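Thanks for coming, everyone. Let me put the structure up, and then we walk through it.

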Amino acid sequence: MKLGKKELIMLYTNLLRARRADERIVKALQEGKVVSFYHSGQGSEAVGVGACSFLRNDDYLYPHHRGHGLAYILPKGASMKAHMAEHFGRATGMAGGVAGFHGVDPEHGIFGGGGTIGSQFPVSAGWGLGAKKNNRGQVVLCCFGDGSSNRGTLHEAMNLAAVWKLPIVWICENNLYAQFMPIKDAYPREDIADLAHGYNMPGVVVDGQDVIAVHEAVSAAVERARNGAGPSLIECKTYRYRSHSEGSADIAHAEPRPAEEIEAWKKRDPIKLFQEHLLKEGILTTADVERIEKEVMAEVDEAEKFALESPRPDPSILPKLLYQE
Amino acid sequence: MRQIPYVMAINEAFAEEMARNDKIFIIGEDVQAGTFRATTGLVKRFGPDRVMDTPLSETVVAGAALGASMCGYHPVADFMFADFMWCAADEIFLKTAKWHFIHGGKVQVPIVLFGNIGGGARVGPEHSQCPESVVWHTPGLKLVVPSCAGDAKGLLKTALRDPNPVVYFYHKRLLGLPGDVPDGEYTIPFGVADVKKEGKDVTVIATSYMVQHALAVAKELEGKISVEVVDPRTLEPFDIDTIVKSVQKTGRVVIADEDTKRCGVTGEIAMQIMEKAFDSLDAPIQRVAAANLPIAGGYMEQYVLPGPKDILAAIEAVAKK
Ligand SMILES: Cc1ncc(C[n+]2csc(CCOP(=O)(O)OP(=O)(O)O)c2C)c(N)n1
Ligand SMILES: [Mg+2]
């Protein structure tokens, strides 16, 4: 799909929404307002935004856990307010304040997530099976990190999806690290996309800092899946700016991550790159940039205010949540 | 005596035993850094061949530990959060626990399965469990649940000398808690409960972090109810004799454990007391454990997990009867 001015500005706005919301949660955590932990997604927003901004509402999405899904779920239609409220432990949160950090929004095809890395693969195969049986052209986006690709669950799910031609796009957010583990010490090849050959599906590597490149690769794979041609794997090369989780050391194995590496990646910031591109092409003016910044900050302020003013859940709901009536 | 934090005591035990036995090595995700600092710094001293960062692959961490143990090594498989052992359920529960037995005792599988347990971080049901009952339920796995720094060190040293698979669960909320740790060499045998505080009215049997709660409550009740706190320290093997002795003295029992109540540690201990000391009981046994629910995250965690208030209420209830 060739993007017009409106779509390009939407992509830019989504990038900024994910970034500013993430920054606000980090700040709120430092202020003691966030009740659980947080894994910032700053630096890799183009992956989720490029992949999820033009999906159908009834497509299924398993977001990657960076930003606890922000860059994926906001473009998919989920509410920033509800994401923030969940992190603040409020009844208006995505999971009613019971999870603390899980994003769930079935009305937008987001069925939730797990705490164990690698658990996204098998359940996504199940969504792919559901989508195939539904026969309405739905697709599944299963998003994961470089580290997640080390789990054996990947093999079982990708194999099944390939032989059953399930409509799944596997999207790897390769940020070079899994907690403190550099990918080069956890995987013997350069590209995780190479795994695709073992399952006879397309495997594509894209620049994860380039939101358009991500969008184009994912769109092609989504079309393929919608048309019944089966799964694809897309690897997005990217980076995370902050440490693995807030408060954890910023290290590789037991040594600090190289400062030059962090600096080099920050020079290729996905928002900066895209903004420069849009300004150069005359799609945005500096006045537009300022206006969008203001609008996004207003949304973030509003979301935080909403979260802070929302009540905590009533604990009497807990036993009622165990089984469906 | 010297006081050091619980997690430093664990770290010391690793260092001492690794120096003593070059067959010991640690494998798992981020063990060189040490997510909870239990293994931090060991790579400097023992090198990356003995403190091995693995890919994010719990199944092969458990499987490789099992395999290497059969070749004459003594691996420590670190699962970071004990919850993640579930990703390697086949290797742990169907293989590691059973292979010595099912192969006629012809192979040895000396492994320490190391995991961090417990709530308190409000991070939801997949990072907060105390999955003791599932392990205890499984014949073939020893199970260590230390409640203080001194026990943490002495019991880990014993685990690293045991020719069997030992599951070692250390609690999040105890990591920074300082405790007495003797200078120099010592070990603590498995299957020997410790009376953490003597008392004569009520016996509280508590595990892991619950021991610290029980001691605090016992202190609060001083002058009103005299509470004896007994810590089994290892669940398998289990020292029922020390517990029976305490029950014979007090006649009143509270059992506190952070795992889920149903089919949990507390129920097993209660039944063993029934079998061995029914005639000594003056009141029905009270159990303090997690609600039969997944551990909610955020502010809801506290409504699922047991705390000092629950121990206090249970003690008052049995003391009245
Ligand atoms: C089964 C399991 N093992 C370990 C962890 C702890 N953990 C959480 S995120 C993470 C790193 C994941 O790396 P990657 O998939 O590359 O995603 P990234 O965090 O780098 O975005 C680890 C080890 C976990 N949550 N689940
Ligand atoms: Mg990664």
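Start with a salt bridge: R17(A) pairs with E299(A), and the closest N and O atoms are 2.8 Å apart. By salt bridge I mean a side-chain nitrogen of Lys or Arg within 4 Å of a carboxyl oxygen of Asp or Glu. This pair links distant parts of the chain. R17(A) sits in helix α1 (residues 5-30) of chain A, E299(A) in helix α10 (residues 286-309) of chain A, and they are 282 residues apart. Helices here are DSSP runs of H or I with at least four residues, strands are runs of E with at least two, and both are numbered from the N terminus.

Some ground rules. This is a predicted model: local features need pLDDT of at least 70, side-chain atom pairs count only at pLDDT 80 or more, and totals for chains, interfaces and linings use all residues. Residues are numbered from 1 along each chain as its sequence is written, chains are lettered from A and ligands numbered from 1 in the order in which they are written, and side-chain values use heavy atoms, with hydrogens and water left out.

Back to that pair. Buried or partly exposed, which is R17(A)? R17(A) is buried, at 14% relative accessible area. E299(A) is partly exposed, at 27%. The cut-offs: buried is under 20% relative accessible area, exposed is over 50%, partly exposed is in between, with a 1.4 Å probe and protein chains only.

Over all chains, the structure holds 42 salt bridges. Let me go to chain B for two of them. E16(B) and K153(B) meet at 2.6 Å, N to O. E16(B) lies in helix α1 (residues 6-20) of chain B and K153(B) in helix α7 of chain B, so this pair ties together parts 137 residues apart in sequence. E16(B) is partly exposed, at 27%. K153(B) is buried, at 0%. Both belong to a network of salt bridges, whose other members include R2(B), E12(B), R161(B) and D183(B).

How many residues of helix α7 (residues 149-159) of chain B are buried? The count is 11 of the 11, so the helix is largely enclosed by the rest of the structure.

The second pair is K142(B) with D162(B), closest N and O atoms 2.8 Å apart. K142(B) is in strand β6 (residues 142-144) of chain B and D162(B) in the loop between α7 and β7 (165-171), so parts 20 residues apart in sequence are tied together. K142(B) is partly exposed, at 22%. D162(B) is buried, at 8%.

Now the interface. Chain A puts in 34 residues and chain B 29; contact means heavy atoms within 4.5 Å. The area buried between them is about 2600 Å², and carbon and sulfur atoms give 65% of that. Buried area is the accessible area (1.4 Å probe) that two parts lose on being put together, summed over both. In chain A, V35(A), R151(A) and L318(A) lose the most area to chain B, together 20% of what that side buries.

How many salt bridges are there between chain A and chain B? One. R151(A) forms a salt bridge with E58(B), at 3.8 Å between the closest N and O atoms.

Next, the metal. The magnesium ion (ligand 2) has three kinds of protein donor atom listed: D146(A) (OD), N175(A) (OD1) and Y177(A) (O), lying 2.0 to 2.1 Å from it. Donors are N, O and S atoms within 2.8 Å of the metal (3.2 Å for Na, K and Ca); water is not among the atoms, so sites may look incomplete. The donor spacing along the chain is D-x28-N-x1-Y. D146(A) lies in the loop between β2 (140-145) and α6 (152-163) of chain A and Y177(A) in strand β4 (residues 177-178), so the pair ties together parts 31 residues apart in sequence. D146(A) and Y177(A) are buried.

Y177(A) is also one of the contacts of R257(A). R257(A) sits in the loop between β9 (255-256) and α8 (259-267) of chain A. R257(A) is buried, at 4%. The side chain of R257(A) makes a polar contact with the side chain of D250(A), at 2.6 Å. A polar contact is a pair of N or O atoms within 3.5 Å; within protein, one must be able to donate a hydrogen and the other to accept it, and residues adjacent in sequence count only if both atoms are side-chain atoms. The R257(A) side chain also reaches the backbone oxygen of R240(A), at 3.0 Å.

Last stop: C52(A), in helix α2 (residues 45-52) of chain A. C52(A) is buried, at 1% relative accessibility. Beyond its neighbours within four places in sequence, C52(A) is in contact with L61(A), Y72(A), P75(A), K76(A) and L141(A).
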